[in-house]
Amino acid sequence: MFSLRRYVTFFILIAFVITCCMLLFLNELSATAGIALTEEKIGYAAWITFINIVFLSLLCTVIDWLRRKFTVDRPVKKIIRAAEQIMKGDFSVRIESIPDGNDPNGFGVIADYFNQMAQELAGTETLRTDFIANVSHELKTPLSVIQNYGTMLQQPNLPEEKRLEYAKAVTNASRRLANLITNILKLNKLENQKIYPKAETYDLGEQLCECLLSFENAWEEKQLEIETDVEENILVDTDAELLSLVWNNLFSNAVKFTEPGGKVSLSLQSQDQYAVVQVSDTGCGIPSEVGKHIFEKFYQGDTSHAVQGNGLGLALVKRVIDIVGGDISVSSEVGKGSTFTVKLRRKRDEETQTNSV
């Protein structure tokens with residue numbers, strides 16, 4: 001029913017306290033009242049004291065046992081049962097909160113943190129499940145294309161025109177598959193912090209123009225109008241390689257989702273301590289509800305263009321911007337186009353001069 005060790009502890013403690021009190025009481029009584037303490041009286045008093053000590057020790061042990069049962073054992077058992085459910089993969093389990101007045105041992109705080117942990121694990125598990133499902137779907141689509149067109153390429157007496165068409169489809173599907181795997185690996189390294197930014201000071205305008213020029217063939221093929229407004233001598237101190245991922249994804253999307261004859265705009269301006277980059281297009285635009293999820297992995301608001309991407313590009317962009325300490329937002333209107341705005345802390349002229357000295 002109760003711990004023998006706890007009982008012995010109470011016994012020794014109470015015996016010490018009562019013995020001291022009794023000795024002081026008897027000495028004071030003998031001195032003031034002049035009562036002679038015989039051995040018989042002392043022995044009787046000792047036995048009564050001993051019985052009281054045994055009884056009080058037992059009473060204190062029972063009270064302590066009841067206290068522990070309701071204030072310690074019950075909460076601990078609830079936490080253990082919930083932990084066992086978590087270990088079995090049930091992340092929906094929650095521990096009932098304990099009111100502050102009924103929680104002298106602080107188990108309510110433990111329960112609250114446990115519930116937060118379970119909620120985070122449940123969200124992580126959902127993301128993991130969705131990620132696996134989406135990756136499987138994204139891998140399956142180009143593989144099916146490669147398989148189908150590969151089979152058709154094996155047909156005898158296939159016209160040269162058809163052969164080139166099928167081979168081009170296989171090449172495009174292979175390229176899409178390779179890009180998907182590359183983006184998955186990059187995103188995995190970024191999210192697991194296996195890529196660390198290497199800060200260097202460089203001209204942001206030059207980097208933006210170089211990245212934009214790499215899409216020259218794509219915009220000329222669609223006869224797009226390119227408009228640039230790039231302020232000169234804006235320096236940033238960050239990882240150039242990581243930021244190139246951002247600009248390449250934004251330019252790629254702008255060119256990709258703009259109809260032939262449309263316009264893509266690039267703007268770079270300084271605003272106080274920030275460098276503000278805007279990439280705009282006159283494409284299909286993004287509905288407001290889609291804009292809330294546009295930076296999530298595998299999220300594709302425009303399913304009609306899904307064949308052109310895998311929904312990882314903007315997730316990569318958001319993760320890179322977070323790593324370098326910047327900010328990204330999007331404003332869009334359906335049928336009129338979208339504008340992505342990136343804010344980065346720029347390096348002022350006086351900072352550059354100080355570092356050079």
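Helix axes here are lines fitted to C-alpha atoms over the stretch in contact, and the angles between them run from 0 to 180 degrees between N-to-C directions. With that in hand, here's a quick tour of a predicted model.

**The whole protein**

- Of the 357 residues in the protein, 32% are buried.
- The exposed surface comes to about 22,600 Å², and carbon and sulfur atoms supply 56% of that.
- Take the contacts between residues at least 6 apart in sequence: 73% of them join residues at least 24 apart.

**Helix 5 against helix 7**

- Helix 5 covers residues 204-213 and helix 7 covers residues 240-256; the two pack at an angle of about 45°, and their axes are 10 Å apart.
- That angle makes helix 5 oblique to helix 7, because angles under 35 degrees count as roughly parallel and 65 to 115 as roughly perpendicular.
- The crossing of helix 5 with helix 7 is right-handed.
- On the helix 5 side, the residues that meet helix 7 are Leu 204, Gln 207, Leu 208, Cys 211 and Leu 212.
- Their partners in helix 7 are Ala 240, Leu 243, Ser 244, Trp 247, Asn 248 and Phe 251.
- Sort the residues of this contact by type and you get eight nonpolar, three polar and no charged.

**Leu 224, a loop residue**

- Leu 224 sits in the loop between helix 6 (216-221) and strand 2 (225-230).
- Its relative accessible area is 8%, so Leu 224 counts as buried, the cut-off being under 20%.
- If you skip the neighbours within four places in sequence, Leu 224 is in contact with Trp 219, Val 255, Thr 258, Glu 259, Pro 260, Gly 261, Gly 262 and Val 264.
- One of those contacts, Val 264, is 40 residues from Leu 224 along the chain, yet their C-alpha atoms are separated by 7.0 Å.

**Ile 294, another loop residue**

- Ile 294 belongs to the loop between helix 8 (288-291) and helix 9 (313-323).
- Ile 294 is buried too, since its relative accessible area is 10%.
- Ile 294 and Ala 315 are 21 residues apart in sequence, while their C-alpha atoms lie 8.0 Å apart in space.

Notes. Residues are numbered from 1 along each chain as its sequence is written. This is a predicted model: local features need pLDDT of at least 70, side-chain atom pairs count only at pLDDT 80 or more; totals for chains, interfaces and linings use all residues. Side-chain values use heavy atoms; hydrogens and water are left out. Helices (H or I, at least four residues) and strands (E, at least two) are DSSP runs, numbered from the N terminus. Angles under 35 degrees count as roughly parallel, over 145 as roughly antiparallel, 65 to 115 as roughly perpendicular and the rest as oblique. A crossing is left-handed if the near helix is turned anticlockwise from the far one by less than a right angle, and right-handed if clockwise. Contact means heavy atoms within 4.5 Å. Ala, Val, Leu, Ile, Met, Phe, Trp, Tyr, Cys and Pro count as nonpolar, Asp, Glu, Lys and Arg as charged, and the others, Gly among them, as polar. Buried means under 20% relative accessible area, exposed over 50%, partly exposed in between (1.4 Å probe, protein chains only). Accessible areas come from the Shrake-Rupley method with a 1.4 Å probe; for residues, only the protein chains shown count as cover.
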